[in-house]
Amino acid sequence: MKIHPEIHPENHPENCPKSYPESYPESYPLSSSERERHRLKMQAQALIPLSERMLNGAGIAHGAQVLELGCGSGEMTLLLAAAVGPTGRVVAMDSDPAQIEAAKAKISDAGFCNFDFVLSDLNDFVPKQVFDAIAGRYFLLYIADPESALARMVLWVKPGGSLAFLEMDFYRGVRSSIWPPVAAETNSAIEFIADVMLDAGINPHMGVRLPSMLALYGTVHAETAAPLQFGASSIELPLEAVRSVIPMARKLGRSDADRYDVDALIAAELQGRDHRTVTMPPLSVAAWVRTRS
């Protein structure tokens, strides 16, 4: 079964609850901007099939109470709000106030009111209830000690509840693959993404690490995908990620922080490309587990 947003009369945005900050956000290696939110939307669209299979596999259905960690601009929050329906509820947490505001607008505009947002980082977050499931997408790779984080999370779900995460496998040299091949400078820029993020301290090999961590809590189910994107404009997804890591590269003091002119690279790569261009991102892994009763 596919999960798609449905508008329910009782979910009128005027009746939606307000959310208030609970702590200040922590640093994050990707910039917070409208360009980045547009890139995240493009990325999320490609991940819908894998995300839907994960949520269905984890048993997230109408009436469920779900905690989403690292909701970002609300792309997966939409899927969760549809999955739990008007009788369920999604509590979505993120450490970026701009992302929270964008997510609130997105979910309200879609006609949902079955959500609450919390501005917090994971270290300061204290849930006010237990949940049927906890979910996150591209979240654990940014957590310093994901094993300890999961040990905390399992206390926040009911016995027999689910943990479900979708993570990307990052390591030195990982990059999107594009055909026909891009120029050497473009290829170097795309490799720059992983180098900056790893220098910023994200967890390498989180895709393969994730199922191993979850296995402590029950029988793990996992699927993988590197969803292809088609057309000349597909090259914008990885190149916009270059733009998003430049502020962090500057913060880290990297000598190559301002080497790449993203707009010039995009313009050059778009010349002569057409619908036959194919972009393949690094591998993503979705894994979920029903905790032991």
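**Close-up 1. Cysteines without a disulfide.** The count of disulfides here comes to zero, in what is a predicted model. As a reminder, a disulfide is a covalent bond between the sulfur atoms of two cysteines. Two of the cysteines are worth a look anyway. Cys71 is buried, at a relative accessible area of 5%, and Cys113 counts as buried too, at 8%. Both sit under the 20% cut-off used for "buried".

**Close-up 2. Helix α6 and its two sides.** Helix α6 spans residues 206-214, and its buried residues are Met206, Gly207, Leu210, Met213 and Leu214. Look down the helix axis and these buried residues fall within an arc of 120 degrees, so they line one face of α6.

**Close-up 3. What covers α6.** So what lies over the buried residues of α6? The cover includes a helix, α4 (146-153), along with the strands β5 (157-168), β7 (220-225) and β10 (284-290).

Close-up 4. Glu269 belongs to helix α8, which runs over residues 262-270. With a relative accessible area of 8%, Glu269 is buried. Its side chain makes a polar contact of 2.7 Å with the side chain of Thr186. Leaving aside residues up to four places away in sequence, Glu269 touches Val182, Ala183, Thr186 and Ile235.

Technical notes: Residues numbered from 1 in each chain as written. Predicted model: local features only at pLDDT ≥ 70, side-chain atom pairs only at ≥ 80, totals over all residues. Heavy atoms only, no water. Buried < 20%, exposed > 50% of the residue type's maximum accessible area, 1.4 Å probe, protein only. Helix = DSSP H or I, 4+ residues; strand = E, 2+ residues; numbered from the N terminus. Arc of directions from axis to C-beta. Contact = heavy atoms within 4.5 Å. Polar contact = N/O pair within 3.5 Å; in protein donor to acceptor, adjacent residues only side chain to side chain. Disulfide = S-S within 2.5 Å.
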